Amino acid sequence: MKKIVGLCLVMLMTVSVVFAQDGRRDRDLLQEGKDPRTEQIIRALDLNEDQAEAYRNLENEYREKMRPERNLTEEQRESMKERWEQNRENMENMRNEKNQRMKEILNDEQYNKYLEMEKNWESRGDRLERNKQ
């Protein structure tokens, strides 16, 4: 019985260390000015340096276009929500434009994997948004 409890404790500590290291890696990336999600996609798609740099530039360009300002008053946020809903079609057009540009950076296999990853991120975001309401 003592061996089982001891083994469980060792496994629990090991899992804790692994998760702590993953969070530390994200913090390190943020301090370097890199987005953890972007770097995760670069690793998952196994991009070479040229592709990775082109992807980072493209991602930064579209992040600025698509992200609302962070430091807004509540009134400005409500107004932004209304405009956000009105511009949803515009956002979709920008996403399609970005995907076309991604197609120029990636090979066919990487591009298909990228689209699947984006689909998963979007569905995850939709679930998170629904859970907030």
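This is a predicted model: local features need pLDDT of at least 70, side-chain atom pairs count only at pLDDT 80 or more; totals for chains, interfaces and linings use all residues.
Leaving aside residues up to four places away in sequence, Tyr55 touches Thr38, Ile41, Ile42, Leu47, Met102, Ile105, Tyr114 and Glu118.

The structure holds seven salt bridges. One of them pairs Arg37 with Glu118, whose closest N and O atoms are 2.8 Å apart. Because Arg37 belongs to helix 2 and Glu118 to helix 6, this pair ties together parts that are 81 residues apart in sequence. Glu118 counts as buried because its relative accessibility is 12%, below the 20% limit.

Arg56 forms a salt bridge with Glu39, with 2.8 Å between the closest N and O atoms. This pair links distant parts of the chain, Arg56 lying in helix 3 and Glu39 in helix 2, 17 residues apart. Both partners are buried: Arg56 has a relative accessibility of 16%, and Glu39 has a relative accessible area of 8%.

Glu92 and Arg95 meet through their side chains in a salt bridge (3.1 Å, N to O). Both residues lie in helix 5, three residues apart, about one turn of the helix. Glu92 is partly exposed at 37% relative accessible area, and Arg95 is partly exposed at 26%.

Salt bridges with shared partners join Arg37, Glu59, Lys98 and Glu118 into one network.

Methods. Residues are numbered from 1 along each chain as its sequence is written. Side-chain values use heavy atoms; hydrogens and water are left out. Contact means heavy atoms within 4.5 Å. A salt bridge is a side-chain nitrogen of Lys or Arg within 4 Å of a carboxyl oxygen of Asp or Glu. Helices (H or I, at least four residues) and strands (E, at least two) are DSSP runs, numbered from the N terminus. Buried means under 20% relative accessible area, exposed over 50%, partly exposed in between (1.4 Å probe, protein chains only).
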